Protein chains: 2
Amino acid sequence: MKFSANLVDSKPHTSDSLEAERKKASFSTDEMMHYILGDKIINSRNRALEIIKSEPELFDQRDIYYLSRTEKLEKSLKQEKTLQEMRRQGKITAQDIAEVLDVLDWTTPFALTRIMFIPTLEQQCNEEQREAFLKPAQDYRIIGCYAQTEVGHGSNIRALETTATFIPETDEFEVNSPTLTSTKWWIGSLGITSTHACVMAQLYVKGKHIGLFPIIVPLRSMVDHKPLPGVNVGDIGPKMGFTTMDNGFLNFDKVRVPRFNLLQKYINVSRDGIVTRPNNIDPRVTYGSMVYVRATIARNMGISLGKAVTIATRYSSVRRQFGEPNQPETPVLDYPIVQYRVIPLLAKAYLMIGMSHEFFAQYQNTTERINQGDFSTLKEMHAISCGLKRWTSDTAVYGVDTCRHVCGGHGFSMFSGLNEFFGDMYQNIIVEGDNYVLAKQTARYLVKSAHDLNSPSTRSSVEVNDTTAVIAKYSLSNELSSDQLFSWRNKSASEIAGSYELLMDLLGYRFVTLVDELGAKIYSGQTWDESSVASQAIATAHAEYITCLYFMRYLSRPANQNIKQILKVLFSVAALSFLTKNTAELFGFQGKAKLEYTQIKELESEYIRYIKMARVQAVPLVDSLGISDIKLNSSLGRHDGNVYEDYIQRALMEPVNVDGSGDKIREHFYNDYIGPILKGYSPSSSPFSKL
Amino acid sequence: MKFSANLVDSKPHTSDSLEAERKKASFSTDEMMHYILGDKIINSRNRALEIIKSEPELFDQRDIYYLSRTEKLEKSLKQEKTLQEMRRQGKITAQDIAEVLDVLDWTTPFALTRIMFIPTLEQQCNEEQREAFLKPAQDYRIIGCYAQTEVGHGSNIRALETTATFIPETDEFEVNSPTLTSTKWWIGSLGITSTHACVMAQLYVKGKHIGLFPIIVPLRSMVDHKPLPGVNVGDIGPKMGFTTMDNGFLNFDKVRVPRFNLLQKYINVSRDGIVTRPNNIDPRVTYGSMVYVRATIARNMGISLGKAVTIATRYSSVRRQFGEPNQPETPVLDYPIVQYRVIPLLAKAYLMIGMSHEFFAQYQNTTERINQGDFSTLKEMHAISCGLKRWTSDTAVYGVDTCRHVCGGHGFSMFSGLNEFFGDMYQNIIVEGDNYVLAKQTARYLVKSAHDLNSPSTRSSVEVNDTTAVIAKYSLSNELSSDQLFSWRNKSASEIAGSYELLMDLLGYRFVTLVDELGAKIYSGQTWDESSVASQAIATAHAEYITCLYFMRYLSRPANQNIKQILKVLFSVAALSFLTKNTAELFGFQGKAKLEYTQIKELESEYIRYIKMARVQAVPLVDSLGISDIKLNSSLGRHDGNVYEDYIQRALMEPVNVDGSGDKIREHFYNDYIGPILKGYSPSSSPFSKL
């Protein structure tokens, strides 16, 4: 199928419109890219792009929108095989593989061996186990998965049902699935790939329940990959996204493994069934890796949101609709209702990325302290990691959705690049702690900290950190005057909107008031379950405060004035978005903290004004995120702006259109279904027989 | 692949939990079903179920989650063919076909000939054209589409580029696509199916631009279905949803059709090129069909939301997580944070369905008036239809998403029934007027009405209707005291929450204050583009008011007291949800209308209290919507509660698991990709050669 060659371009051409937007840049996009992403991200991304370009056919992702799940699985396995060959040949590293898949923006059935199986072994093996399990895993001579979730239990891991019972007679553990609901489920890399599983099981020794511990269970034959006796394993079937991951199910009919297979860093069962736990291990260290995983999600969410915003910004800059008579139609990004949806997301993507550098630095700092036995920063870090994972994933997932809607009808096409992508990233609001559950973790920390700070007997036990400093400022008597405490008093909305300090004060006081309000209820007997709705707002307000704080800290690094200037605009856009999205929170400021009705209303106008300022630089700002056309995989978001040409080209690749194979499909549809309906014949006779 | 037969059930079994919920019913679900749906819906649904059950294999939809797009297209075409045979045999009607597809909850490539092509012909053909086009279309001897949207233009239909130029020499129109962007796009039933298109084209006669008019263009040969000369047609490729619809593209290289093919109800071009328009036609009549389409969307959205809520309610009633020691774990629907997300959606689904009966009645009334030349009710009806289409589709689409998230990890599985479904229904926020654009239509009507009411010179020209009555009440001087006008004064939150009248007054005053606030800006020079953000809130507030009003009217029909009681609870849940979601709107009530801070805060508590009341009846309430397991197509939402058994059964049907064909896929994956990685061999050698 071909397109008529007679068709001429409409004026102005979309690519010219995009170029015109780029000319408005008040800063160097290259400089901005280095400032916001940092050299490390840029270098590893460039390295991945080189690898991808070395095998252009293998890594061409343009066809994925037409493939069935089985075809996608095959495509990703083919890529994994080549990548592993390159690694064995010393051409690339294991880290490069992860980066390549990140640029391709999908995954392979090997991903969970990389991101869960190997890290768990690194943390929980003793020396002999490192030799037996970790080393072959690192060379992909075994492939593993982390089998925790069961079909009946996700959040409540204490209630997992799979058992591992010590059998003294044979010096083994018997791993068993007692019920249908104890079937392991959702386990990535399990459905068709893994040879081994790290199974989280309820450990029983001499009839006594010891607790939940990880044990390595071989699943498939190393000879022919067939499931081993007693192992029932398969793929859990199609999902909303994450299609190339073989999430699997697994249950055990009394499978025996050597005692050696119990990972022994935190637990030891001796030959004669004595259970010991090393006494130099603080159980809190395991929080460290949770923090790391959540920090990684937070950064990825920034990049993901950046991808969606890149598509929506470029497309809405070149898509024209309505306008003045005898003029080219107006780019839809010039309409306030479009700006209002896209620009705050652009600002938030920048904030997430900038903030995440600081978040990793804080994580690093906490880890170093823990290694020296100092756990003082862990509690806040844990609360922040819950809050930021929750806020970034929620903001990014629904941000992608907003970007899709902004693209109008064409957003609904797979070629927008926003649909497969939305399906893939949606899981981030559920995994590593469902967002609704995580809110409680943060809220609990905040309410408890505020309570302890307000009680003379516990005050000194409260660690001083970013969070408690704000609570203390507004809770404890101090030397500050009302005008210092409530710095927004008598300030105009425009003064507030342009000031880091005033905006931070408002954001800080906002979360403190919400914490105080809930605290009063909690300490008069309201349960945490009853407080779960309020906890959501608290966790959000705190995450928004911390995001702004970390971003501001990141901005303390030196940069050109024109870089700083536009980043400050983005900061204001984001902060005003947080403050104005539910102004009832601001109406709740009482007494000397009161914000006047007109201040609040004018903050809404300032928000619109800052959005307009950022809009001018929108295309250069998304360019500076440096997201390649390969990762975008989108007609609408192409760097060169050839939107409609690419869109039509992709439509021609649709299987029912393709010359030869597509003709066959259409002939079949016509001969067997459409023709008989048109001709009104009975199904047995050919539609052509009576022509 | 089979599951171990040794696995026992967990206690309590999910089906028992669901039965226990049903025992709590305070009303007859059968009675409720008749009350809320009405006999017409129930009868046509039952009729469709009978037809489906007569061909169980053909209509079995359990496999759709595993099919590629081409396979899905084939499946739906097969169904269409059988349905058309049944129709020709007189066993079923055309309406039955639509109902069957509604129960199956998908579509076939013939849908647009039914819902757009035939209705357009019905409205715009003259008598000869009815014979030539409408009659064969009604018997499916031709299949047509409605070709309006182009790749470059959707919302701004005036800027469509396709032309139809009168050629006096041959008495023809020449239909042409002058540019790439003029290519028709998104046209349903076009990609592989249609023989004809009703093309919206810019009509030119004797060099003069007449306007946009519909013209019938044959597309494919009636002999072999191949595209006719100059016709470039194909499928636009994969989409987020609506997979079985062959949305297509189409452009013309100077295609000639007889002058006869211009649909002549509203325009006439004579043999010698004289253009006339029948003078007995008021152009406003075309609004009528838009209203009808939007009313249909509004009702469908109620049913769709009801489907999602059925799944989420049943599943969260049987899914247990955490709880008291030595007790069965707690059904997650007992947690406030789950209730808070599901129950208001349940209430809104009921409101949408109940309201839509009244909406259709109003539409009917308006149509009858129009037929008598009375257009007085059209303006409000149009504004309401924009507002209700927007509000219902937005609420339902994101309600489905909320239901999916409530189902946790299992919501992400295709077997939840919520993912394919979300993709299919998402388009409702874009089609028939993008929701963001529609808001302006409603806001304009409201602001203008308020302004006209407030000006003595125009006051009398304002039609009295549901909307203007509320505006007039709060704008014009009348006999009412402050306590009558602002009936919430000195009322406790619990008095408000339990009273239809007080809730309606608050909802009414809320939209009036928002209208007044924007009106003041508009009439001091703010443009409508600048007002687009405020327009969203106004359109929502008005739609919520009208929804509650229409629902309340529907409830005036007689029913058992226990039916009325629970419906009143649902009304309060929905109304309180509207009022408390952004309490800044309530804080904006000034002067004698002021709501006290404590009133507002306590309304939030009342909201939670009403949610808890409704929660008790949640399962009987979703049962009463009577949505069949066939339509749900969900493991999680099954009527019998056998959630995990069905879920596992469906996983076993995943293509890579299936005995035989699945074994082959896995062997292929192992031999060609996984094995070589594990063994570290080069791609050419077999992984088994060196064992």
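Visitor: Why is B:Lys206 called exposed?

Guide: In this predicted model, B:Lys206 has a relative accessibility of 59%. Exposed means over 50%, so B:Lys206 counts as exposed. This residue is found in the loop between β5 (196-205) and β6 (208-218) of chain B.

Visitor: What makes the phi of B:Lys206 worth a remark?

Guide: Phi of B:Lys206 is near 50 degrees, a positive value in a residue other than glycine. Most residues other than glycine have a negative phi.

Visitor: Why is A:Phe322 called partly exposed?

Guide: The relative accessibility of A:Phe322 is 37%. Buried means under 20% and exposed over 50%, with partly exposed in between, so A:Phe322 counts as partly exposed.

Visitor: Is A:Glu432 buried, exposed or partly exposed, and why?

Guide: A:Glu432 has 31% relative accessibility. Leaving aside residues up to four places away in sequence, A:Glu432 touches A:Val293, A:Arg294, A:Ile297, A:Lys389 and A:Leu438.

Visitor: At which residues does UniProt place the feature "binding site", and what makes them a cluster in space?

Guide: The unreviewed UniProt entry places it at A:Thr149 and A:Gly188. They are spread over 40 residues of sequence, but the largest C-alpha distance is 10.5 Å.

Visitor: Why is A:Gly188 called buried, and why is A:Thr149 called partly exposed?

Guide: A:Gly188 has 8% relative accessibility, and buried means under 20%, so A:Gly188 counts as buried. A:Thr149 has a relative accessible area of 25% and is therefore partly exposed.

Visitor: Where do A:Thr149 and A:Gly188 lie, and what does each touch?

Guide: A:Thr149 is in the loop between β1 (144-147) and β2 (163-167) of chain A; among the residues it touches are A:Gly154, A:Thr183 and A:Trp186. A:Gly188 lies in the loop between β4 (184-187) and β5 (196-205) of chain A. The contacts of A:Gly188 include A:Leu112, A:Cys145 and A:Asp246.

Visitor: Which residues of helix α2 of chain A are buried, and what covers them?

Guide: In α2 (residues 29-37), the buried residues are A:Met32, A:Met33, A:Tyr35, A:Ile36 and A:Leu37. Their cover includes α3 (39-54), α8 (285-318) and α9 (336-371) of chain A. A:Gly38, with a positive phi near 85 degrees, follows α2(A).

Visitor: How many helices and strands does chain A have, and why is the chain called as compact as a globular protein of that length?

Guide: Chain A has 26 helices and eleven strands. Its radius of gyration is 28 Å, close to the 26 Å that the globule rule gives for 691 residues, so chain A is as compact as a globular protein of that length. Of these residues, 61% count as buried.

Key:
Residues numbered from 1 in each chain as written. Chains lettered and ligands numbered in written order. Predicted model: local features only at pLDDT ≥ 70, side-chain atom pairs only at ≥ 80, totals over all residues. Heavy atoms only, no water. Helix = DSSP H or I, 4+ residues; strand = E, 2+ residues; numbered from the N terminus. Rg over C-alpha atoms; globule rule 2.2 N^0.38 Å. Buried < 20%, exposed > 50% of the residue type's maximum accessible area, 1.4 Å probe, protein only. Contact = heavy atoms within 4.5 Å. UniProt positions renumbered as here; feature names shortened; annotations may be inferred.
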